[in-house]
Amino acid sequence: MEEKVNKKKTKFKTIDIVYIGIFAAIIAVCAWISIPLTVPITLQTLGVCVTAGLLGTKRGTLSVMVYILLGIIGVPVFASFSSGLGYLLGATGGYIIGFIFTALIVGVMVNSLGKKVWVYALSMVLGVIACYIFGTIWFINVYNRGHADAVSLVTVLGWCVTPFIIPDMVKIAIATLLCVKLDKYVDNNKKSKIDKI
């Protein structure tokens, strides 16, 4: 009986690891897809939101962290097939790190309030806002340390946030729809306790 329980635990751990790996790869693929608008748009936000919405807090956040760690060690998973710690520590690296906050917010809200359309949509909006805030603060600090002329908050918002608001809202709408449609195909932690917080 004890052996059966241990096998079950191992199985769930394996499932969790597989999900984390697959969704880290999905985020990477989304980062490589670039839509050539006035400002090039990637689908990273879409990948992060779908990941956290489907996997929940722990597995979703771990997927994002694995994605970031792959980039740090040199796997070209960031936008434009970039990688490396230097890229992450650059002015725009804060937006990538900010995806961790996006995943946490989406995961916690979905786990707490249930997998409803409005929960997906609201949690993703709040998660992306958190990413914007962290990334913008990071950008200002890094940019102003490397340039003689300090850049203002309004300027950075014009560069890094305003052009992406409408595309990100579209991505959130698509991510919400995907989560609603795909949830039944993903292990929703009915068997695994890894996501209980």
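Buried denotes under 20% relative accessible area, exposed over 50%, and partly exposed the range in between (1.4 Å probe, protein chains only). The structure is a predicted model, in which local features need pLDDT of at least 70 and side-chain atom pairs count only at pLDDT 80 or more, while totals for chains, interfaces and linings use all residues. Residues are numbered from 1 along each chain as its sequence is written, and side-chain values use heavy atoms, with hydrogens and water left out.

**View A. The loop between helix 3 and helix 4, with S80 and F81**. Helices are DSSP runs (H or I, at least four residues), numbered from the N terminus. S80 is placed in the loop that joins helix 3 (57-72) to helix 4 (85-88). Although S80 is not a glycine, its phi is positive, at about 60°. S80 counts as exposed because its relative accessibility is 65%. F81 lies in the loop between helix 3 and helix 4 and, although not a glycine, has a positive phi of about 60°. Its relative accessibility is 52%, so F81 counts as exposed.

**View B. Contact between helix 6 and helix 7**. The axes (lines fitted to C-alpha atoms over the stretch in contact, with angles from 0 to 180 degrees between N-to-C directions) of helix 6 (residues 117-146) and helix 7 (residues 153-160) come within 10 Å and cross at roughly 115°. T136, F139, I140 and Y143 of helix 6 make the contact with L153, V156, L157, W159 and C160 of helix 7, contact meaning heavy atoms within 4.5 Å.

Notes
Helix = DSSP H or I, 4+ residues; strand = E, 2+ residues; numbered from the N terminus.
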